[in-house]
Structures are given as C-alpha cells and as structure tokens.
Amino acid sequence: MKDKNPISSSELGTLWLTYQEKTMILRILEYFIEKSDDQQAKNIMGGLWQQLSYYVTKIKEIFQEQGVVVLVQRLRQSERKHVNG
C-alpha cells in the first residue's frame with residue numbers, strides 16, 4: 001500500500017536510529033528493574049520504560065505504514081523459557 005506522502009530516506013534513517021536507541025534503553029531498563037532492590041528506583045525506571053515503550057510502538061506503526069521491515073528482536077532467556085514452556 002502506497003502512502004500519499006511517503007517519508008524521506010533521511011526521516012527513515014532518523015526513525016531507525018531512534019528505534020534502535022530506544023529499544024536498547026528498554027532492554028537495559030528491564031535488566032536494572034529486575035536486579036534492583038529499591039522499590040522507588042523500580043517505580044521510576046518502570047515509568048520511564050512505559051514512556052519509551054509508547055514511542056517504540058509509535059515508531060513501529062510508522063514503519064508498518066511505510067512498509068519498512070523491522071528485524072525481530074532476540075528474546076531474553078526468561079521470555080524464551082515462557083514461549084518454549
């Protein structure tokens with residue numbers, strides 16, 4: 001499906017770099033949330049995770065609308081256990 005106003009290659013490049021940055025930060029936050037003993041710190045990091053996750057979802061929607069292929073992220077070990085049973 002062709003969009004009437006497709007995004008330019010420079011816009012796509014910027015979105016891709018932002019997507020990579022935000023997903024990396026999400027993984028790091030997940031690690032620190034899991035390892036943290038301080039509930040207040042977990043709450044702060046959890047709030048940041050939610051904000052970043054919203055933007056990652058929006059970027060994915062733009063990619064889908066534009067027909068951009070997004071690489072599948074590797075599942076964390078805990079997710080693999082959940083998926084594989």
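What pattern does the protein follow when read along the sequence? Read in that way, the protein follows the pattern α-α-α. This is a predicted model, in which local features need pLDDT of at least 70 and side-chain atom pairs count only at pLDDT 80 or more, while totals for chains, interfaces and linings use all residues. Residues are numbered from 1 along each chain as its sequence is written, and side-chain values use heavy atoms, with hydrogens and water left out.

**Figure 1. Overall fold of the protein.** The secondary structure comprises three helices and zero strands. Helices (H or I, at least four residues) and strands (E, at least two) are DSSP runs, numbered from the N terminus. Of the 85 residues of the protein, 16% count as buried; buried means under 20% relative accessible area, exposed means over 50%, and partly exposed lies in between (1.4 Å probe, protein chains only). The accessible surface comes to about 7,000 Å², and 56% of this surface belongs to carbon and sulfur atoms. Accessible areas come from the Shrake-Rupley method with a 1.4 Å probe, and for residues only the protein chains shown count as cover. Among contacts between residues at least 6 apart in sequence, 65% join residues at least 24 apart, where a contact means heavy atoms within 4.5 Å.

**Figure 2. Helix α2 and its buried residues.** The 28 residues of α2 should span 40 Å at 1.5 Å a residue, and the end C-alpha atoms of the helix are 40 Å apart, which agrees. The expected span of a helix is 1.5 Å times one less than its number of residues. The buried residues of α2 are M45, L52, S53, V56, I59 and F63. What covers these buried residues includes α1.

Figure 3. A pair of aromatic rings is described by the distance of the centres and the angle of the planes. Rings of Phe, Tyr and Trp (its six-membered ring) pair if their centres lie within 6.5 Å; planes under 30 degrees apart count as stacked, over 60 as edge-to-face and the rest as tilted. By this rule the count comes to five aromatic pairs. Y19 and F63 form an edge-to-face pair, with 5.8 Å from centre to centre and 65° between the planes. This pair links distant parts of the chain, as Y19 lies in helix α1 and F63 in helix α2 (residues 39-66), 44 residues apart. Y19 counts as buried because its relative accessibility is 4%, and F63 is likewise buried, with a relative accessible area of 0%. Ring pairs link W16, Y19 and F63 into a cluster.

Figure 4. M24, I28, Y31 and F32 make a nonpolar surface patch of about 420 Å². Patches are made of residues with over 30% relative accessible area and no salt bridge; like charges are joined within 9 Å, and nonpolar side chains (Val, Leu, Ile, Met, Phe, Trp, Tyr) within 5 Å. Which residues have a relative accessible area of 48% or a relative accessibility of 42%? Y31 has the value of 48% and is therefore partly exposed, while F32 has the value of 42% and also counts as partly exposed.

**Figure 5. Salt bridges.** Side chains of opposite charge can pair when their charged atoms come close. A salt bridge is a side-chain nitrogen of Lys or Arg within 4 Å of a carboxyl oxygen of Asp or Glu, and a search of the whole structure finds three. E21 forms a salt bridge with K22, the closest N and O atoms being 3.3 Å apart; E21 is partly exposed at 40% relative accessible area. E30 and R27 meet in a second salt bridge, at 2.9 Å from N to O. Because E30 and R27 are three residues apart in helix α1, they are separated by about one helical turn. E30 counts as buried at 13% relative accessibility, whereas R27 counts as partly exposed at 31%. K58 forms a salt bridge with E61, with 3.6 Å between the closest N and O atoms. Both K58 and E61 lie in helix α2, three residues apart, about one turn of the helix.

**Figure 6. P6 and G67.** P6 lies in the segment before α1 and counts as exposed, at 56% relative accessibility. The C-alpha atoms of P6 and G67 are separated by 9.9 Å, although the two residues are 61 residues apart along the chain.
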